[in-house]
Amino acid sequence: MNANYAAEPGILGNLYEGNVGLKLSGSNNLWLDIGVFPSHIGFESAVGKDNWTLTRSLVAENTPYFESGAKISK
């Protein structure tokens, strides 16, 4: 972990997920979220309690833990 985040300035090395939300519609409860989200690919997480398996798999080595982007949700 320390090697992966060595180039990050200051406190940013401790952040692994975050987003900002904007409510687009009050009547429909429609939201636009922009930021860094957990990956929708794979069964493993950087957070131990969120892992579906107890051991590392080879599949996890080629999948991202996080994705950046935007999503619209209701």
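**Strands, sheet and surface**

Guide: Let's start with a hairpin: strand 1 and strand 2 form it with four residues between them, and N29 in the turn has a positive phi of about 55°. Please bear in mind that this is a predicted model, in which local features need pLDDT of at least 70 and side-chain atom pairs pLDDT 80 or more, while totals for chains, interfaces and linings use all residues. Residues are numbered from 1 along each chain as its sequence is written, and side-chain values use heavy atoms, with hydrogens and water left out.

Visitor: What makes a stretch count as a strand, and how many are there in the protein?

Guide: A strand is a DSSP run of E of at least two residues, a helix is a run of H or I of at least four, and both are numbered from the N terminus. The protein has three strands and zero helices, so along the sequence the pattern reads β-β-β.

Visitor: How do you know that strand 1 and strand 2 pair?

Guide: Two strands pair if DSSP finds at least two bridges between them. Strand 1 and strand 2 have seven bridges, in the antiparallel sense, so they qualify. In this pairing, L22 stands opposite L32 in strand 2.

Visitor: And what about strand 2 and strand 3?

Guide: Strand 2 (residues 30–38) and strand 3 share eight bridges, also antiparallel, and therefore meet the rule of at least two. Here I34 faces A70 in strand 3, and V36 stands opposite S68.

Visitor: Which order do the strands take in the sheet?

Guide: The sheet is open, its three strands run in the order 1-2-3, and the pairing is antiparallel. Strand 1 and strand 3 (66–73) are at the edges with a single partner strand each, so one side of each has no neighbour in the sheet. Neighbouring strands are turned by 10° against each other on average, direction ignored, with axes taken as lines fitted to C-alpha atoms.

Visitor: Why is F66 called partly exposed?

Guide: Buried means under 20% relative accessible area and exposed means over 50%, with partly exposed in between (1.4 Å probe, protein chains only). F66, in strand 3, has 24%, so it falls in between. F66 is 30 residues from V36 in sequence and 6.5 Å from it in space, C-alpha to C-alpha.

Visitor: How much of the protein counts as buried?

Guide: Of its 74 residues, 11% do. The accessible surface (Shrake-Rupley method, 1.4 Å probe) comes to about 6100 Å², of which 59% belongs to carbon and sulfur atoms.

Visitor: Why are L22, L24 and I72 called a patch?

Guide: Patch members have over 30% relative accessible area and no salt bridge; nonpolar side chains (Val, Leu, Ile, Met, Phe, Trp, Tyr) are joined within 5 Å, like charges within 9 Å. A salt bridge is a side-chain nitrogen of Lys or Arg within 4 Å of a carboxyl oxygen of Asp or Glu. L22, L24 and I72 form a nonpolar patch by this rule, with about 300 Å² of accessible area together.

Notes: Axes fitted to C-alpha atoms, helices over the stretch in contact; angles between N-to-C directions.
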